[in-house]
Amino acid sequence: AFEGKEFSFLTDTKKATWMPIIHKILGEDALLVHKGCFLSLPGSESQVYHQDGLHLNKKVHKPCHAVNVFIPLIDYEMSNGPTEFCLGTHYLGRENFVKEMVYTPC
């Protein structure tokens, strides 16, 4: 999916507006390794809290090696159940859900 020219604004690292930020975080050699679309229809059940990626090492915290970019296709409002983030869970040893650390960007 998303292979056609009409999706180049998402997949072309020279056109994607978020790539300058990604390059600052990961370096100029950062690559797009996965793309996808998640669909949640009105009335859908909530997802169970989960990590989107695993640590490279289970004993030593390593530098950032991946970044997820979320692009909502509708207005982000509490009434439509937006994506929530559990702050700090990217640190090794802090992967567990803690309700007080949930952030909803709306």
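Me: Helices are DSSP runs of H or I with at least four residues, and strands are DSSP runs of E with at least two, both numbered from the N terminus. With that in hand, where is the place of N80?

Reply: This is a predicted model, where local features need pLDDT of at least 70, side-chain atom pairs count only at pLDDT 80 or more, and totals for chains, interfaces and linings use all residues. Residues are numbered from 1 along each chain as its sequence is written, and side-chain values use heavy atoms, leaving out hydrogens and water. As for N80, its place is in the loop between α2 and β1.

Me: Let's step back to the whole chain. In what order do the elements of the protein chain run from the N terminus on?

Reply: The protein chain has two helices and two strands. Reading from the N terminus on, the order of these elements is α-α-β-β.

Me: Where in the protein chain is confidence highest?

Reply: Confidence is given as pLDDT, the predictor's score for each residue from 0 to 100. The protein chain averages 87, and 99% of the residues score at least 70. The lowest mean, 83, belongs to helix α1 (residues 8–11), while the highest, 93, belongs to α2.

Me: Is H23 buried or exposed?

Reply: You can find H23 in helix α2, which covers residues 19–26. Buried means under 20% relative accessible area, exposed means over 50%, and partly exposed lies in between (1.4 Å probe, protein chains only). H23 has 16% relative accessibility, so this residue counts as buried.

Me: Which residues does H23 touch, not counting residues up to four places away in sequence?

Reply: A contact means heavy atoms within 4.5 Å. Leaving aside residues up to four places away in sequence, the ones that H23 touches are E28 and A30.

Me: Which side chains meet in a salt bridge?

Reply: Side chains of opposite charge can pair when their charged atoms come close. The rule asks for a side-chain nitrogen of Lys or Arg within 4 Å of a carboxyl oxygen of Asp or Glu, and the count comes to one salt bridge. At 3.0 Å, N to O, the side chains that meet are those of E3 and K35.

Me: How many residues apart are E3 and K35?

Reply: The pair links distant parts of the chain, with E3 in the segment before α1 and K35 in the loop between α2 and β1 (85–86). E3 counts as exposed at 61% relative accessibility, whereas K35 is partly exposed at 32%.

Me: How far is the sulfur of C86 from the closest cysteine sulfur?

Reply: A disulfide is a covalent bond between the sulfur atoms of two cysteines. The cut-off is a pair of cysteine sulfur atoms within 2.5 Å, and a search of the whole structure finds zero disulfides. C86 is buried at 9% relative accessible area, and C106 is partly exposed at 47%. The closest cysteine sulfur to that of C86 is in C106, too far for a bond because the distance is 16 Å.

Me: What kind of aromatic pair do Y49 and F97 form?

Reply: Rings of Phe, Tyr and Trp (its six-membered ring) pair if their centres lie within 6.5 Å; planes under 30 degrees apart are stacked, over 60 edge-to-face, and the rest tilted. The structure holds two such pairs. With centres 5.1 Å apart and planes at 50 degrees, the pair of Y49 and F97 is tilted.

Me: What is the angle between the planes of F70 and F85?

Reply: F70 sits in the loop between α2 and β1 and F85 in strand β1, 15 residues apart. F70 is partly exposed at 38% relative accessibility, and F85 is also partly exposed, at 28%. Their pair is edge-to-face, with 5.3 Å centre to centre and an angle of 80 degrees.
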